[in-house]
Amino acid sequence: MQPADLSAIDLVAAVRQGDLSAVQCTEAFLNRIQYCNGAINAFLNVDRAGALACAESIDVRRRSGQPLGPLAGLPVAVKDALCTADLPTTAASKMLENFRPPYDAFVVSRLRQADAVIVGKTNMDEFAMGGSNENSAFGPVHNPWDFSRAPGGSSGGSAACVAADMTPVAIGSDTGGSIRQPAGLCGITGLKPTYGRVSRRGLIAFASSLDQIGPMARSAADCALVLETIAGHDPGDSTSLTDAVPRYTSLLEQPLAGVRVGRVPEHFAAGLDPEVAKGVEEAFAVLKAAGATVHDIAMPHAKYGVATYYLVAPCEASSNLARYDGAHYGHRASAKPSSAFESPLIEMYCRSRAEGFGPEVKRRIMLGTYALSSGYYDAYYAKALKVRRLIRQDYLDAFEHVDLIGGPVSATPAFKLGEKTGDPLAMYLVDLYTVSTNLAGVGGISFPCGFTKSGLPIGFQLQAPALGEPLLLRASDRFQRLTDWHLRRPPNLTALCTPKG
Amino acid sequence: MAALARLALFDHELATMTSELSNIVGFVSLLEELDTTNVDPLAHPLDAENVFRDDVPSPSLSTAEALQSAPRHDGQYFLVPAVLGESGAA
């Protein structure tokens with residue numbers, strides 16, 4: 001049995017019992033990365049030496065009988081939006097190409113304290129802005145199921161990494177679907193927790209009222225294992241929740257009998273790929289077979305989700321990204337005297353930002369600046385915040401009648417690289433089924449529920465009320481006990497990957 | 001708008017950016033059809049309240065750590081071009 005064939009839960013148990021050393025486990029996945037990453041480009045940075053040293057120290061402690069953390073020996077890949085003190089952190093931007101954070105993100109510290117082995121940093125859309133991973137300044141990620149297709153985004157590197165068995169779990173972040181959509185397109189499981197469940201300290205900020213960090217793995221059970229390590233209050237993030245963190249892995253056993261799952265008829269309107277629609281309907285049938293009941297519900301403001309999101313998120317982004325000024329860290333343009341600017345300092349700001357940011361980031365900064373500017377603020381930003389309340393109210397009303405809301409995670413399976421890059425608005429509409437979760441601050445999970453005839457994964461999404469992670473994970477786990485979609489691997493992947501070096 | 005965002009857009013970017021932004025603004029104007037007269041804005045999803053902590057001094061980043069990724073510094077301070085004066089005088 002190869003380490004890649006084991007779940008994260010079984011790997012951790014094998015290391016704890018001494019059946020597998022942390023070094024053996026880490027080496028197996030590092031070798032897989034070395035073999036596959038050249039073709040997939042899921043990693044921006046692989047820390048082979050650091051990972052092996054960490055694994056070695058775990059083995060030494062195990063042999064001497066010292067206590068080990070709950071994730072001891074588990075290789076983890078971390079989205080390059082999270083600060084790591086010993087590794088570059090670029091957010092896939094030229095702006096941060098040479099940035100070395102002086103501290104670890106809260107989630108990274110938690111992983112280290114739990115004795116997880118951080119093997120590297122994963123590719124993403126620049127500053128997490130995008131739904132295809134094509135906005136990375138360091139090249140797109142290729143979907144392991146079809147290299148000519150996008151893995152989704154923005155956590156496309158983390159999703160592809162797990163789908164190709166390069167690590168058993170990865171960390172992503174989700175501002176409008178950036179964990180759930182790539183998980184869906186790559187055939188893995190991805191959880192966006194309730195806003196505030198996981199501390200955002202050390203996560204490079206995109207839209208602070210929407211951003212949330214979460215686990216990505218093969219299965220819901222493995223996501224539960226990682227979530228119980230990374231969730232919890234952090235005095236360093238004033239928006240992190242103080243509620244106690246349940247032991248998610250111990251709450252999976254209860255059957256689904258009596259659980260009410262909502263189905264939104266409008267989700268199945270024109271635009272939803274027929275094969276995706278079929279897979280999603282079959283997923284509802286599986287949940288029914290597990291004892292749940294399915295009820296049609298109304299989400300009257302769902303169609304305003306994308307428009308609301310593309311005002312709220314760019315406004316927050318334009319403010320958050322104002323920090324990249326070429327002065328404290330990040331790219332600085334070399335001086336090129338010009339009379340077009342009011343002072344040399346302003347010139348340095350404007351030119352550093354022009355050179356450091358890619359086109360999508362500039363677009364969102366411009367959009368946010370416009371929507372926040374005097375004379376337009378009420379018409380755009382304030383209006384969007386009001387609609388945001390209506391969208392959240394839809395959720396509060398729906399959760400009076402159902403415990404979960406099910407549906408598609410994206411309207412189509414993985415699309416071709418380059419297919420949508422010429423049309424920013426078409427790319428935004430990819431987020432149709434995922435953005436409202438973030439606007440409402442609730443949790444959502446996506447997992448594979450079938451495959452198209454051409455062999456591409458189809459994703460199913462469940463959403464729950466705030467702090468409903470135990471039910472999200474339990475329902476997904478129950479689904480995965482009755483199906484084997486999450487265990488499928490991309491065919492011929494090993495043969496298709498050209499070994500590097 | 002680019003000046004307000006402190007972005008020096010290149011000439012070749014301006015035309016595409018202008019048309020893309022007007023498309024996007026046209027799309028988000030969909031919200032106009034909703035009557036939101038009596039709706040309060042929602043800036044934060046979970047109605048969080050302000051969080052206070054005791055004002056206890058604790059160690060923070062050292063000067064060296066704070067400067068480690070600075071494009072230019074003199075070991076003590078960040079260095080930037082002149083704040084005042086004509087561009088090109090730096």
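Student: Where in chain A is A:Ser154 placed?

Tutor: A:Ser154 sits in the loop between strand 3 and helix 5 (156-163) of chain A. Keep in mind that this is a predicted model.

Student: What makes the bond between A:Gly153 and A:Ser154 a cis peptide bond?

Tutor: Omega of the bond that joins A:Gly153 and A:Ser154 is about 10°, and the bond is cis. Most peptide bonds are trans.

Student: Why is A:Asp115 called buried?

Tutor: A residue is buried if 20 or more other C-beta atoms lie within 10 Å of its own. A:Asp115 has 24 C-beta neighbours inside 10 Å, so A:Asp115 counts as buried.

Student: Why does A:Leu467 count as partly exposed?

Tutor: Buried needs 20 or more neighbours, exposed needs 12 or fewer, and partly exposed is in between. A:Leu467 has 17 C-beta neighbours inside 10 Å, so A:Leu467 counts as partly exposed. A:Leu467 is in the loop between strand 11 (457-464) and helix 15 (469-482) of chain A. Its phi, near 65°, is also positive in a residue other than glycine.

Student: Which residues of helix 4 of chain A are buried, and what covers them?

Tutor: The buried residues of helix 4 (residues 106-113) are A:Phe106, A:Val107, A:Val108, A:Arg110 and A:Leu111. Their cover includes strand 2 (75-79), strand 3 (117-122), strand 4 (169-174), strand 6 (212-217) and helix 7 (220-230) of chain A.

Student: What does A:Val107 touch?

Tutor: Not counting residues up to four places away in sequence, A:Val107 touches A:Leu82, A:Ile171, A:Val198, A:Ser199, A:Ile213 and A:Ile230. A:Val107 is also among the residues with the most contacts inside the largest nonpolar core, together with A:Val76, A:Val117, A:Val119 and A:Leu311. That core has 167 residues.

Student: How do you know that A:Ala22 is buried?

Tutor: The cut-off for buried is 20 or more other C-beta atoms within 10 Å. A:Ala22 has 29, so A:Ala22 is buried. A:Ala22 is in helix 2 of chain A. Leaving aside neighbours within four places in sequence, A:Ala22 is in contact with residues including A:Val15, A:Ala72, A:Gly73 and A:Val117. A:Ala22 and A:Val117 are 95 residues apart in sequence, and their C-alpha atoms are 8.6 Å apart in space.

Student: Why is helix 2 of chain A called roughly antiparallel to helix 3 of chain A?

Tutor: Helix 2 (residues 22-40) and helix 3 (residues 48-63) of chain A pack at about 160°, with axes 8 Å apart. Angles over 145 degrees count as roughly antiparallel, and therefore helix 2 of chain A is roughly antiparallel to helix 3 of chain A. Their crossing is right-handed. From helix 2 of chain A the contact uses A:Ala22, A:Val23, A:Thr26 and A:Leu30, and from helix 3 of chain A its residues include A:Ala51, A:Ala55 and A:Asp59. By class, the residues of this contact are seven nonpolar, one polar and three charged.

Student: Why is helix 9 of chain A called oblique to helix 12 of chain A?

Tutor: Helix 9 (residues 305-320) and helix 12 (residues 378-401) of chain A pack at about 125°, with axes 9 Å apart. Roughly perpendicular covers 65 to 115 degrees and roughly antiparallel begins over 145, so helix 9 of chain A is oblique to helix 12 of chain A. This crossing is left-handed.

Student: What makes A:Asp211 buried?

Tutor: A:Asp211 has 25 C-beta neighbours inside 10 Å, so A:Asp211 counts as buried. A:Asp211 lies in the loop between strand 5 (189-192) and strand 6 of chain A. Among the residues A:Asp211 touches are A:Ser173, A:Thr175 and A:Arg200.

Student: How many residues of chain B are in contact with chain A?

Tutor: 49 residues of chain B are in contact with 60 residues of chain A. Helix 1 of chain B supplies the largest share of the chain B side, seven residues. By class, that side has 36 nonpolar, eight polar and five charged residues.

Notes:
Residues numbered from 1 in each chain as written. Chains lettered and ligands numbered in written order. Predicted model: local features only at pLDDT ≥ 70, side-chain atom pairs only at ≥ 80, totals over all residues. Core = buried A, V, L, I, M, F, W, Y, C linked by C-beta atoms within 7 Å. Contact = placed C-beta atoms within 7 Å. Helix = DSSP H or I, 4+ residues; strand = E, 2+ residues; numbered from the N terminus. Nonpolar A, V, L, I, M, F, W, Y, C, P; charged D, E, K, R; others polar. Axes fitted to C-alpha atoms, helices over the stretch in contact; angles between N-to-C directions. Parallel < 35°, antiparallel > 145°, perpendicular 65-115°, else oblique. Left-handed = near helix turned anticlockwise from the far one by under 90°.
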